[in-house]
Amino acid sequence: MQGSAQSGLNDAFGRTISYVRVSVTDRCNLRCTYCMSEDMQFLPKAQVLTLEELERLCAAFVRRGVRKLRLTGGEPLVRKGIMDLVRALSRHLDDGTLDELTLTTNGVRLREFSKGLAEAGVKRINVSLDSLDRLTFARIARSDCLPQVLDGIAAATDAGLKVKVNTVALKRDNAAEIPKLIEWAHARDMDITLIETMPLGAVDEDRTDQFLSLQAVRQELESFWTLNDSPERSGGPARYVRVAETGGRLGFITPLTHNFCDTCNRVRLTCTGTLFMCLGQDSAVDLREPLRASPEDDLLNAAIDRAMAAKPKAHDFLLPVRGAQPAVARHMSMTGGCQWPEHGKVGISGQVRRDGARGSGGSGLARRGADLVGPAGLAGRESAPADPGDGRHAHAPGAESRSGARPFARPR
Ligand code: SAM
Ligand code: SF4
């Protein structure tokens with residue numbers, strides 16, 4: 001008996017939840033400056049759901065009408081046994097209960113996994129790529145991995161996977177490179193989505209130094225390209241245009257400057273089994289305890305129902321203020337990923353919590369450990385100055401002004 005298992009997932013504002021992003025690990029083989037601090041504390045493995053538990057949770061969501069699952073992290077491809085999970089979930093594709101199984105990856109290990117992903121029924125993946133310049137990439141990711149990522153993208157394409165590029169727009173680091181990244185992606189028949197930095201979790205830098213308004217980026221692109229609005233919507237924060245000159249699709253994810261909440265169709269599950277109903281709020285329900293308390297899904301479904309009822313109407317993000325605390329304490333790598341040490345105390349009832357507590361991180365300081373295929377060193381990390389002054393990472397003209405910025409020049 002599955003209780004309310006057969007009912008679909010609707011929240012209090014009439015939105016149907018059909019998409020779950022599942023973080024399979026909080027660990028990562030990179031340390032992107034906007035995402036993590038360099039000495040990021042990771043969860044002890046004991047707190048993380050097993051692959052079997054992740055599979056069971058996903059299956060419960062699929063039974064409740066979820067049609068799309070995205071595996072993410074941390075870096076999903078550093079989770080041991082990840083392909084076992086992918087293959088297990090692909091049975092929902094086979095029986096028609098799931099429309100799409102996909103993942104978001106930094107691409108470092110894609111060469112190894114592309115073929116297996118395609119064979120398991122994955123059709124499209126998102127690959128994060130913030131720069132095509134090796135030094136710039138190394139500075140942003142704190143790892144000299146651009147060659148592996150480009151090779152991984154090539155392998156994915158060869159395997160028949162459709163790749164979408166995700167690029168976080170960073171005022172200091174890659175603003176001048178944005179047109180080139182767009183041209184690069186479109187020349188390879190890949191969509192590209194630009195993302196504004198979001199104030200999630202503490203990082204080593206002040207985010208106001210990195211924040212680049214995509215409104216300004218769009219304005220600048222429109223000074224030399226024709227951007228035609230595209231009706232395509234993902235139910236998420238992305239808005240799309242078609243670039244007439246390149247023929248490719250370009251997305252803008254602007255959580256800080258554009259309200260996308262009315263059509264939100266998604267929730268986020270951390271690798272510890274915490275369900276976040278909104279990227280920009282700390283409301284969360286623990287699913288791990290009900291999952292572990294019974295082999296039946298009644299308790300789990302009841303907790304999922306409570307989560308749906310608690311999905312907030314809109315997120316809380318504010319434009320970054322210099323020196324301010326992050327709007328949301330957890331890092332992006334926690335949704336997936338979560339470092340609440342007292343996670344188990346949330347209670348079997350799946351209490352909604354809004355404390356946004358950050359954990360001490362426990363003992364799992366996994367710094368590119370042996371089980372993680374890490375970068376081949378940190379060339380460029382210590383050596384790359386914050387601004388090499390050679391024009392490649394030049395401060396965007398007008399970058400000090402958030403509204404009137406001219407982030408880059410027309411590409412040659
Ligand atoms: N490691 C994988 C990757 O980088 O693609 C998957 C997880 S990562 C958290 C998912 C996406 O979130 C990436 O595209 C990354 O660039 C983006 N991201 C991480 N922290 C962010 C932040 N503070 N603001 C905006 N985007 C962020
Ligand atoms: Fe970078 Fe993704 Fe790792 Fe965060 S989780 S450090 S965005 S690769």
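Helices (H or I, at least four residues) and strands (E, at least two) are DSSP runs, numbered from the N terminus.

Before going on I note that this is a predicted model, in which local features need pLDDT of at least 70, side-chain atom pairs count only at pLDDT 80 or more, and totals for chains, interfaces and linings use all residues. Residues are numbered from 1 along each chain as its sequence is written, while chains are lettered from A and ligands numbered from 1 in the order in which they are written.

Overall, I count 9 helices and 12 strands in the protein. Of its 412 residues, 50% are buried, meaning that 20 or more other C-beta atoms, placed from the backbone, lie within 10 Å of the residue's own.

Back at β5, I see I125 opposite V163, and on pairing with β6 I find the parallel sense again, over 6 bridges, with T167 opposite L194. β5 is mostly covered, with 6 of its 8 residues buried. Strand β2 (residues 68-72) is likewise mostly covered, with 4 of its 5 residues buried; 5 bridges join β2 to strand β1 (residues 19-23), the two running parallel, and V22 has L71 as its bridge partner.

I then turned to helix α6 (residues 178-187), whose buried residues are I178, P179, I182, A185 and H186. These residues lie on the same side of α6 because they cover an arc of only 130° around the axis, taken from the directions from the helix axis to the C-beta atoms. They pack against β5 (162-169), β6 (191-196), α7 (214-222), β8 (238-243) and β9 (249-253), contact being C-beta atoms, placed from the backbone, within 7 Å. Just after α6, I note a positive phi of about 60° at D189.

For the core, I recorded that the largest nonpolar one has 97 residues, with L69, A169, L275 and A307 making the most contacts inside it; such a core is a set of buried Ala, Val, Leu, Ile, Met, Phe, Trp, Tyr and Cys residues joined through C-beta atoms within 7 Å. Leaving aside residues up to four places away in sequence, L275 touches V267, L269, A284, V285, L287 and A307.

Last, I looked at ligand 2, where C28, L30, C32, C35 and N106 come nearest among the 12 residues around it, a residue being near if its C-beta atom, placed from the backbone, lies within 6 Å.

Methods
Buried ≥ 20, exposed ≤ 12 C-beta atoms within 10 Å, placed from the backbone. Contact = placed C-beta atoms within 7 Å. Pairing = 2+ DSSP bridges.
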